[in-house]
Amino acid sequence: MRPSSPFRPSFGSNPPLVTGREAVLDDIAEALDAGPGASGRAALITGNRGIGKTVVLNEAEVLARQRGWLVLSETATVGLIERITTDGLPELAGVIRQAPSTRTRVRGISLPAGLGGVELDLPDERGPGGLRRQLNALTDLLDQHGTGIMITLDEVHSRAARDDVAQLAATVQHAFREDRPVAFAAAGLPAAVQDLLTADVSTFLRRARRFVLEPLSPVAAEEALRVPVRAAGREVADAEVTTMAAATFGYPYLVQVIGDRAWRQDPDASTITAEHVARGIADAVREAGFALHEPAVNDLSETDRAFLMAMAPDDGDSAISDVARRMDRDHGYVSRYRSRLIVAGIVEPTRRGYLRFTLPYLREFLRSLPDYEAE
C-alpha cells in the first residue's frame with residue numbers, strides 16, 4: 001500500500017509536528033493554570049498569512065481541554081453572536097448534562113468528577129444579552145469544579161463581523177472583571193487587527209496579551225520536515241532537509257506544502273531525493289501563488305497593488321525612489337502606501353530608503369500576473 005503524505009498543506013490544519021511555537025503556548029498554558037487575572041488569559045495572535053496563527057489557536061484549545069476546560073471555537077463571520085447563543089454555548093451545556101458524573105473524557109475533554117450529569121438550563125435568549133447570561137450560567141457551574149471555558153476566535157480581522165466581535169469582547173471583558181473562569185484567544189492579520197484595535201469598541205482587545213508570530217528558525221523548520229518523513233517510514237538526507245527548510249523561509253504553511261510536494265514526487269521510493277526536493281519546491285511555489293499570495297494581494301487597494309507591482313522588477317531590495325518613479329508619483333504619496341504595506345505585513349524596510357517583500361515568493365507571483373511590466 002502506497003504510504004500517505006504525513007504533511008498537512010491545507011490552511012488551518014494542524015501539522016504532524018508543531019514546533020517553534022513553544023514560548024507562545026507555554027505562556028497560554030501558564031495563564032490557564034494561574035487563575036483569573038493572568039495576562040495570557042486574553043491572547044491576541046497576529047502574523048502574516050501562512051505563519052501559523054490558526055494552528056496556534058488549535059494548540060491553545062488542546063491545552064485547555066487537557067486541563068478539563070470546555071472550548072468554544074469560532075470564526076469571526078456574520079452571525080457570530082447568533083451561532084454562539086443558539087448552538088455553541090447550548091452544545092457545551094449538553095456535553096455537561098450527558099457526561100457521566102465520574103471523571104471521564106468527552107469529546108477530547110477530561111471533565112472533572114462530579115461535573116457530568118448535572119442539571120444545567122441555559123437562558124433561551126439570543127443576542128448580546130443572552131450571550132452574557134448563558135456564559136454566566138456556564139461559568140457559575142464550571143467554577144465550582146475548578147475548570148472553565150476557553151473561547152477562540154479566528155479571522156478576527158474580518159470587517160463583516162465587526163459589531164459581533166465587539167459584543168463578544170465586551171462580554172468576555174465583563175467575565176474577566178467578575179473573575180470568572182474564562183480564557184479568550186483570537187487571531188488575525190496584522191493590518192486589519194491594528195485597525196480593529198484603534199476602534200472605540202476594542203478596549204478589551206487592546207489590553208490582550210499580544211503575540212506576533214515570526215518565521216520559524218532554520219532548526220525548527222528542518223525538524224518540522226525531517227521528523228514526519230522519517231516517522232512515516234521514508235528517508236531523507238540532511239542536505240535535502242536543509243534545502244527544503246531554506247525554501248520555506250520559516251513559514252509553517254510552506255513547510256507543509258514543500259514537504260508534501262516533495263513526498264508526492266515518488267511516494268513509492270524509500271528515499272526523498274534531491275530531484276524530488278527540487279521538483280517539490282517548484283510545485284509548492286506555484287501552489288503558494290494561489291493559496292498564499294492571491295488572497296493577500298486581493299485584500300489590498302488598487303494603489304497598494306500598484307506599489308507592489310512597482311517593486312516587482314527588482315531582483316533584490318527595492319529603492320523607494322525607484323518605486324516612486326515607476327508609479328509616477330512623488331515621494332510623499334508613495335511613503336503613505338509604504339507605511340500601509342508595512343503595517344499589513346506585506347513589505348518591510350531593510351535599510352534607509354529600501355524595502356523588500358515579506359511574503360516569500362511574492363515577487364515571483366507578481367511577475368506571473370498579466371499586468372506585470374518588466375523594465
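**Exercise 1.** Is Arg-264 buried, partly exposed or exposed? Then describe its salt bridge.

*Solution.* The model is predicted: local features need pLDDT of at least 70, side-chain atom pairs count only at pLDDT 80 or more, and totals for chains, interfaces and linings use all residues. Residues are numbered from 1 along each chain as its sequence is written, and side-chain values use heavy atoms, with hydrogens and water left out.

Step 1. Take the cut-offs: buried means under 20% relative accessible area, exposed over 50%, and partly exposed in between, with a 1.4 Å probe and protein chains only. Arg-264 has a relative accessible area of 51%, so Arg-264 is exposed.

Step 2. A salt bridge is a side-chain nitrogen of Lys or Arg within 4 Å of a carboxyl oxygen of Asp or Glu. Arg-264 forms one with Asp-260, and the closest N and O atoms are 2.9 Å apart.

Step 3. Asp-260 is buried, because its relative accessible area is 1%.

Step 4. Helices are DSSP runs of H or I with at least four residues, strands are runs of E with at least two, and both are numbered from the N terminus. Arg-264 and Asp-260 are about one helical turn apart, because they are four residues apart in helix H10 (residues 252-264). An α-helix has 3.6 residues a turn, so residues three or four places apart point the same way.

**Exercise 2.** Describe the salt bridges of Asp-33 and Arg-325.

*Solution.* Step 1. Asp-33 pairs with Arg-67, with 2.7 Å between the closest N and O atoms. This pair links distant parts of the chain, 34 residues apart: Asp-33 is in helix H1 (residues 22-34), and Arg-67 is in the loop between H2 and strand S2 (70-75).

Step 1. Asp-33 is exposed at 53% relative accessible area, while Arg-67 is partly exposed at 29%.

Step 2. Arg-325 and Asp-322 meet in a salt bridge of 3.5 Å, N to O. They are three residues apart in helix H13, which means a separation of about one helical turn. Arg-325 is partly exposed at 48%, and Asp-322 is partly exposed at 25%.

Step 3. By this rule the count comes to 23 salt bridges. A network of salt bridges links Glu-222, Arg-226, Arg-230, Glu-235 and Asp-238.

**Exercise 3.** At what angle do the axes of H12 and H13 cross?

*Solution.* Step 1. Axes are lines fitted to C-alpha atoms, for helices over the stretch in contact, and angles run from 0 to 180 degrees between N-to-C directions. The axes of H12 (residues 302-311) and H13 (residues 320-327) cross at roughly 115 degrees and come within 9 Å.

Step 1. The contact involves Thr-303, Ala-306, Phe-307, Ala-310 and Met-311 of H12, with Ile-320, Val-323, Arg-326 and Met-327 of H13.

Step 2. H12 is mostly covered, with seven of its ten residues buried. Among them are Asp-304 and Leu-308.

Conventions
Contact means heavy atoms within 4.5 Å.
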